[in-house]
Amino acid sequence: MAETGNGAQAEAPQIKMQILAQFIKDLSFENAVAQKGVEGEVQPDIQVQVNLDAKKRGVDNQYEVITKFNITSKNKSGGEPLFLLELEYGGIFLIENVPEDQLHPFLLIECPRMLFPYVRRIVSDVTRDGGFPPLNLENIDFLALYRSELSRRAESEQPQGTA
């Protein structure tokens, strides 16, 4: 009997991912302009740092993924700070049928990708409500971020030459 070609799909179980909850774990916004003022022309220089963390929860197939954003804005001309925004945004995910060797990248690439639109909205609202033009974060390539973190860890684990 000839195989129909659907045999491979029938063997591999369908990956299931569901966001069970989303939450702001920590949020801080410091408006240095309002506190100290800025003289002269203001040309913001914005730096965005992203860190990711994931851990298994006590319930089967549930994971907590935290995206940590540290956003600083300084004046290009004098270097004085304009604002500092720190945000930790989390999600609780139900993930099934992901092979064990693919779970770590799945948690640190796909899950943050699902949370990012909500982070972008929060950052935009907080900066606008803080008296600045809304900051619309550009898309983040979580795959590139994951790969750079892997290479950074590999470099730091290499044994250093002994003297």
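Predicted model: local features only at pLDDT ≥ 70, side-chain atom pairs only at ≥ 80, totals over all residues.

Entry on helix α4. I looked up its start. Asp-141 caps the N-terminal end of α4. One of its side-chain oxygens lies 3.2 Å from the backbone nitrogen of Leu-143. The helix runs over residues 142-157, 16 residues in all. I read 22 Å from its first C-alpha to its last, close to the 22 Å expected at 1.5 Å a residue.

Entry on the strands. I went to β3, residues 62-75, and found 10 of its 14 residues buried. β3 pairs with β2 (residues 44-56) in the antiparallel sense, over 13 bridges. With β4 (residues 81-96) β3 also pairs antiparallel, over 13 bridges. I followed Thr-67 across. Leu-52 stands opposite Thr-67, and in β4 its bridge partner is Tyr-89.

Entry on the hairpins. Five residues separate β2 and β3, and Asn-61 takes a positive phi near 65° there. Five residues also lie between β3 and β4, where Gly-79 has a positive phi near 80°.

Entry on the largest pocket. I noted about 370 Å³ of space. Which element gives the most to its lining? It is α4, with seven residues. The lining has 16 residues, and those nearest the centre include Leu-52 and Glu-149. By type, I noted eight nonpolar, three polar and five charged.

Key:
Residues numbered from 1 in each chain as written. Heavy atoms only, no water. Buried < 20%, exposed > 50% of the residue type's maximum accessible area, 1.4 Å probe, protein only. Helix = DSSP H or I, 4+ residues; strand = E, 2+ residues; numbered from the N terminus. Pairing = 2+ DSSP bridges. Expected span 1.5 Å × (residues − 1). Polar contact = N/O pair within 3.5 Å; in protein donor to acceptor, adjacent residues only side chain to side chain. 1 Å grid on protein atoms, 1.4 Å probe; cavity = no way out; pocket = protein on both sides within 12 Å on 5 of 7 lines; lining within 4 Å. Points joined across faces, edges and corners; volume = space filled by probe spheres on them. Nonpolar A, V, L, I, M, F, W, Y, C, P; charged D, E, K, R; others polar.
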